[in-house]
Amino acid sequence: MYHKLRSVHKWVGLFACLFLMVISASGFFLAIKGKVDWMRPKTQTGGELSSPDDIVSIASVYSSAFGAGIPDLKEPGDIDRLEYHAEDNIFKVLSKDGYHEVQVDGKTGEVLSTGIRNDQLTEDIHDLSFFAKFWHEWGLPLVGVGLFLLSVSGVIMFFVPVFRRWKHKRKAART
């Protein structure tokens with residue numbers, strides 16, 4: 001049984017390590033995304049507000065974002081999400097395709113910057129959805145099951161020789 005367990009451990013480990021390399025490398029970049037500007041565009045600062053009534057309308061934000069000249073951002077269906085950052089008074093408009101971001105001033109409605117969100121791309125690689133929907137929905141849970149099997153089989157393979165030595169020493173001490 002011990003040899004079969006080692007074989008299972010070896011093959012599950014080989015399969016899982018391919019995914020773990022992708023997940024760990026992308027996880028590293030996600031962990032440092034706030035410290036490097038090439039992962040996501042630097043957040044700009046919008047104009048000062050004297051009251052919440054000074055914030056531009058969502059229609060104005062849409063109009064500015066669609067006028068920024070990004071081919072992947074031409075109509076409301078192209079938007080993945082719209083974020084308002086009150087501390088900087090800006091709107092961030094993120095496209096569904098192409099990982100584009102447009103930052104719009106919350107007071108004037110002007111486009112402050114456009115850029116690529118490499119952190120979104122990295123996140124899609126990290127959760128395996130970049131490769132196919134199947135890998136995100138089924139591959140990622142299988143990697144989790146594989147890691148559990150590796151953990152259990154690794155602990156067993158570690159403690160079996162320890163237990164055998166202990167048992168042998170105990171038996172030798174009795175005789």
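Which residue takes a positive phi in the hairpin of E2 and E3? The views below answer this and look at the places around it. This is a predicted model, where local features need pLDDT of at least 70, side-chain atom pairs count only at pLDDT 80 or more, and totals for chains, interfaces and linings use all residues. Residues are numbered from 1 along each chain as its sequence is written, and side-chain values use heavy atoms, with hydrogens and water left out.

**View 1. Two hairpins and their turns.** In the hairpin of E2 and E3, Gly-98 takes a positive phi near 85°. This hairpin has 4 residues between the strands. In the hairpin of E1 and E2, which has 4 residues between the strands, Asn-89 takes a positive phi near 50°. Strands (E, at least two residues) and helices (H or I, at least four) are DSSP runs, numbered from the N terminus.

**View 2. An open sheet of 4 strands.** The strands follow the order E1-E2-E3-E4, and their pairing is antiparallel. E1 and E4 stand at the edges with a single partner strand each, so one side of each has no neighbour in the sheet. On average, neighbouring strands are turned by 15° against each other, direction ignored. Such angles run from 0 to 180 degrees between N-to-C directions, and the axes are lines fitted to C-alpha atoms, for helices over the stretch in contact. Strands of a sheet pair through backbone hydrogen bonds, either parallel or antiparallel.

**View 3. Strand E2 and its two partners.** E1 (residues 79–85) and E2 (residues 90–95) are joined by 6 bridges, while E2 and E3 pair over 5 bridges. Two strands count as paired if DSSP finds at least two bridges between them. Follow Leu-94 here: Leu-94 is the bridge partner of Arg-81, and Leu-94 also stands opposite Glu-101 in E3. Because 6 of the 6 residues of E2 are buried, E2 is largely enclosed by the rest of the structure. Buried means under 20% relative accessible area, exposed over 50%, and partly exposed in between (1.4 Å probe, protein chains only). Ile-90, Lys-92 and Leu-94 point one way from E2, and Phe-91, Val-93 and Ser-95 point the other way.

**View 4. Helix H2 across the sheet.** H2 lies across E1, E2, E3 and E4, running at about 120° to E1. Which residues of helix H2 (residues 58–66) are buried? They are Val-61, Ser-64, Ala-65 and Phe-66. What covers them includes E1, E2, E3 and E4 (111–116).

View 5. His-100 is found in strand E3 (residues 100–105), and at 16% relative accessibility His-100 counts as buried. Beyond its neighbours within four places in sequence, His-100 is in contact (heavy atoms within 4.5 Å) with residues including Ile-70, Asp-72, Gly-115 and Ile-116. Now turn to His-3 in helix H1 (residues 2–31). His-3 is exposed, with a relative accessible area of 66%. From C-alpha to C-alpha, His-3 and Met-157 are 9.6 Å apart in space, although 154 residues apart in sequence.

**View 6. Phe-148 in the open.** Phe-148 lies in helix H4 (residues 133–174). With a relative accessible area of 57%, Phe-148 is exposed.
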